[in-house]
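Subject: Structure for you to look at

Hello,

Here is the structure I said I would pass on. Please open it next to this message and follow along.

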Amino acid sequence: MDENVKDTPETEEIAEDVSGEEENTSEEQAEQTSQSEEYTALYDKYLRTLAEFENYKRRTQKEKDDIYAMAKTDVVSKLLPVIDNFDRAESVIDDETVREGVRLIRKQFDEFLAKLGVLEIDAKGKEFDPNFHSAVLHEDVEGEPENTVSEVLQKGYMLGEKVIRHAIVKVVN
């Protein structure tokens with residue numbers, strides 16, 4: 001303390017008040033710091049939970065889309081033998097009205113497949129590609145380029161970029 005200031009009960013009381021205020025201020029600052037740290041921790045936890053939930057939504061949507069695509073592929077692959085039988089029936093029916101009826105049913109199947117995004121693999125006259133074709137016969141044909149599909153024995157189909165069934169073909173050697 002200052003030498004000019006005498007210790008009196010009043011000066012001692014003022015000194016205690018000042019030191020008490022400093023203690024209160026440091027306690028308040030400590031409490032504020034603690035609350036700030038707690039807020040930061042809770043906010044961080046909130047952000048992490050929000051990110052986890054977004055990842056969960058994205059993952060479940062992808063799983064749902066994958067299941068839908070698998071189901072669609074499964075249904076279409078089970079319909080393909082029926083479509084093949086319509087093609088065979090059309091080629092052997094003698095009665096023109098019955099043949100026309102089979103053609104109309106086949107056309108409905110084609111429209112249904114197109115709505116689902118199923119495309120027929122174009123193979124005849126194209127270069128053989130093992131990603132889309134399955135060669136079961138080879139033949140030598142004069143004037144035809146080598147490794148070309150000369151005949152389609154069974155049509156192949158794709159759903160988007162995925163091959164559902166390879167085209168079974170005859171290839172020129």
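Rings of Phe, Tyr and Trp (its six-membered ring) pair if their centres lie within 6.5 Å; planes under 30 degrees apart count as stacked, over 60 as edge-to-face and the rest as tilted. By that rule the structure holds four aromatic pairs.

This is a predicted model, in which local features need pLDDT of at least 70 and side-chain atom pairs count only at pLDDT 80 or more, while totals for chains, interfaces and linings use all residues. Residues are numbered from 1 along each chain as its sequence is written, and side-chain values use heavy atoms, with hydrogens and water left out.

One of the pairs is Phe 86 with Phe 109: the ring centres are 5.6 Å apart and the planes are at 45°, so the pair is tilted. Phe 86 lies in helix α1 (residues 9-92) and Phe 109 in helix α2 (residues 96-116), so the pair ties together parts that are 23 residues apart in sequence. Helices (H or I, at least four residues) and strands (E, at least two) are DSSP runs, numbered from the N terminus. Tyr 39, Tyr 43 and Tyr 46 form one aromatic cluster.

Next, the sheet. Three strands make an open sheet in the order β1-β4-β5, with antiparallel pairing; two strands pair if DSSP finds at least two bridges between them. β1 (118-120) and β5 (162-165) are at the edges with a single partner strand each, so one side of each has no neighbour in the sheet. Three bridges join β1 to β4 (residues 157-159), and Val 118 stands opposite Leu 159 in β4.

Regards
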